[in-house]
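Subject: Structure handover and first notes

Dear colleague,

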Amino acid sequence: MKDFLIIGGGVIGMMTAWQLAEAGHEVALVERGSCAGEASWAGGGIVSPLYPWRYPAPISQLASWSEGRYADLTAHLAEATGIDPEFRRKGLLYLDVEDETRAVDWARRVGKPLGRIDSYAVYAREPRLVDGLAGGLWMPTLGSLRNPRLGRALRARLEALPGVALHEHCPVERLVVERGRIGGVDTTAGRFTAGRVILCGGAWTGQLLAPLGISLPVRPVKGQMMVFKTPTVTGSRQWLERVVLRGGRYLIPRGDGRVLVGSTLEEVGFDKTPTPEARDSLYASAVSILPALAECEIEHHWSGLRPAAPDGMPFIGEIPGAAGLFVNAGHYRNGLVLAPAATRLLVDELLGRPPILDPAPFRPAARLASSEPQAMTE
């Protein structure tokens, strides 16, 4: 029997396993598909909430803690595994922000270097942007990374740790209740047991809890994205160098010149089918920001499922009425952004360490609609 069993091999699950293993614990991780194959792969890789001033203060605290650690974290992974997540801190340009005054006030309050720049400064940073921009907001410290590479690096790091057992393509059939507490899971590959179980199942978290009579309000929200392949550029400057956000849609540059555009927000359950309507909408958004993309090939169009929770606030902590069961889910669009802090916060609880910040706003016990779930059955 392992010390910990983690359900879900996304960035949240893998970072949790990494920290627990490095603290000297035996960890098993079970994943229904491939590690980092769902939302962790499908997102864009921006290391910040899109409009951070529109989120509750606890989200800003988690995000700020995480943002300050991604440079060292990705450098460590690159050195240890040979897989570079390509973290880039080149800033973000916000265009046509309706609540600009609120944004600047927020930045001043929390100490973020976000400020208004004129059109000259916008085009000095990104000369290929659409004509006629009157200026924008500039966040110079914002970073982005290639999330598929981050997933691969995390998986490789876990494979190198002797205390971690990875079980991919291993769907969980049910949580196992033994003597009044959660003691493991039954899977298609058999039963796995542990002293404590950690549920990091993303959009599927609520489905795993429902048979226990526990209703966790985490639902899937579909998001579609595309990537353009731009021509090879000689010299140091690509067609786009910085993340640009306009009208709720964003462009994300990669180091090889590719440009991602995202994303849609669709309440369609667990349907991940890419649609022609979304393709047209994303294309229109992309060329409205960077017109030259109309000359480029759309290399790939895909979708993923974000795990949405009320107010965008994740659930982090022990599940009430289910001894031995902990959850870290519901990060919505910010799973990658919040992962270092969200996982550290839960690991602090699991290991009895002082928390990095106040865990109360995220605790399931205070937030679940029913504080008395139905009795678990053996």
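A residue is called buried here when under 20% of its relative accessible area remains, and exposed when the figure is over 50%. Please also bear in mind that this is a predicted model.

With that meaning in mind, you could begin with strand β16, which covers residues 325–329. Five of the five residues of β16 are buried, so this strand is largely enclosed by the rest of the structure. In a regular strand the side chains alternate between the two faces of the sheet.

Which strands pair with β16? Strand β9 (residues 190–199) pairs with β16 in the parallel sense over three bridges, and here Ile198 stands opposite Phe326. Strand β15 (residues 315–318) pairs with β16 in the antiparallel sense over four bridges, with Asn328 of β16 as the bridge partner of Ile316. β15 and β16 also form a hairpin, with six residues between them, and Gly321 in the turn has a positive phi of about 80°.

Strand β3 (residues 92–95) likewise has both faces covered: Leu92 and Tyr94 are buried on one side, and Leu93 and Leu95 are buried on the other. β3 pairs in the antiparallel sense with strand β5 (residues 135–139) over three bridges, where Tyr94 stands opposite Leu137. β3 also pairs in the parallel sense with strand β11 (residues 243–246) over four bridges, and the bridge partner of Leu93 in β11 is Val244.

Turning to the helices, two packed helices are described by the angle between their axes and the distance between the axes. Helix α1 (residues 11–22) and helix α7 (residues 147–160) pack at an angle of about 30°, with their axes 10 Å apart. That angle makes α1 roughly parallel to α7, because angles under 35 degrees count as roughly parallel. The crossing of α1 and α7 is left-handed.

Which residues of α1 and α7 meet? From α1 come Val11, Met14, Met15, Ala17, Trp18 and Glu22, and these meet Leu150, Gly151, Leu154, Arg155, Arg157 and Leu158 in α7. The residues of this contact between α1 and α7 divide into eight nonpolar, one polar and three charged.

With best wishes

Technical notes:
Residues numbered from 1 in each chain as written. Predicted model: local features only at pLDDT ≥ 70, side-chain atom pairs only at ≥ 80, totals over all residues. Heavy atoms only, no water. Axes fitted to C-alpha atoms, helices over the stretch in contact; angles between N-to-C directions. Helix = DSSP H or I, 4+ residues; strand = E, 2+ residues; numbered from the N terminus. Parallel < 35°, antiparallel > 145°, perpendicular 65-115°, else oblique. Left-handed = near helix turned anticlockwise from the far one by under 90°. Contact = heavy atoms within 4.5 Å. Nonpolar A, V, L, I, M, F, W, Y, C, P; charged D, E, K, R; others polar. Buried < 20%, exposed > 50% of the residue type's maximum accessible area, 1.4 Å probe, protein only. Pairing = 2+ DSSP bridges.
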